[in-house]
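User: Could you walk me through a few spots in this structure? I'm new to this, so please spell things out as we go.

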Amino acid sequence: MSKLFAPRDLGPIAAIAAVAFLMSAIFLWTERTDLVDPNDLSVTGWSWRLWQIGPLVFAFAGVWWIWLSTRRVPWVRSLALGILAVMVFTNGYTSAFGDYWGDVWRTVNPLFIASCSVSAVVLWRCNCAAGKIGAVISVILGAVIFANAHFINNGVVWQIMDPVRVLTEITWAGAARYANVAEAAATE
């Protein structure tokens, strides 16, 4: 039983299924936010903030497990990050998600914050100046999204962070397949 959540060496289909499961679980949880926040108080209501702990826990556990379990298929990481970038772009610049636009944001935000934590650790382990700077930037981006999503909800910050997130996720998607090399270099 102690190995239930241990990193696995997933194949492509299992890795894609894990990504789909994680994104769906967070979306389905956040879609039911009106159960605890019927008046749509969002960041001003403590019941809403407490309800959002679930997606953060899912996101951190899921993103880290997927990251550690996709060493053989790192392209799945790139695919997941690319999907995240498309979700941010589509939700921020179109009305494609209709009435679910808020639920999409509440799905994307914890996934982005968790991805920032993975990026920060992987970049820090590169043991180079650029890696350390990238790690600090990742931590800052995650902190800004966390603070704005859960406490501040400033529209100007969202207008700045939406394109920054899209570009960051695309950059991560391009680099994610090389992270195994960085991990190996850091441990030698």
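Predicted model: local features only at pLDDT ≥ 70, side-chain atom pairs only at ≥ 80, totals over all residues.

User: Switching topic: what about the phi of asparagine 127?

Analyst: Phi of asparagine 127 is near 60°, which is a positive value in a residue other than glycine. Asparagine 127 is found in the loop between helix H5 (101–124) and H6, and with a relative accessibility of 60% this asparagine counts as exposed.

User: What about asparagine 153, and where does that one lie?

Analyst: Asparagine 153 lies in the loop that runs between H6 and helix H7 (155–175). Its phi is near 55°, again a positive value in a residue other than glycine, while its relative accessibility of 41% makes asparagine 153 partly exposed.

User: Now the rings. How many aromatic pairs are found in the whole structure?

Analyst: A search of the whole structure finds six aromatic pairs. One of them joins phenylalanine 89 and tyrosine 93, whose ring centres are 5.1 Å apart and whose planes are at 40°, so this pair is described as tilted.

User: Where are phenylalanine 89 and tyrosine 93 relative to each other in helix H4?

Analyst: They are four residues apart in helix H4 (residues 74–93), which means that about one helical turn separates them. Phenylalanine 89 is partly exposed at 44% relative accessibility, and tyrosine 93 is partly exposed too, at 46%.

User: Which residues do ring pairs link into a cluster?

Analyst: Trp29, Trp51 and Phe58 are linked into a cluster by ring pairs.

User: Last one: what sits over the ring of tryptophan 46?

Analyst: That is the charged end of arginine 49, at 4.5 Å from the centre of the tryptophan 46 ring. Elsewhere, lysine 132 lies over the face of tryptophan 124, and there the distance to the ring centre is 4.0 Å.

How values were computed:
Residues numbered from 1 in each chain as written. Heavy atoms only, no water. Helix = DSSP H or I, 4+ residues; strand = E, 2+ residues; numbered from the N terminus. Buried < 20%, exposed > 50% of the residue type's maximum accessible area, 1.4 Å probe, protein only. Phe/Tyr/Trp six-rings, centres within 6.5 Å; stacked < 30°, edge-to-face > 60°. Lys NZ or Arg CZ within 6 Å of the ring centre and 35° of its normal.
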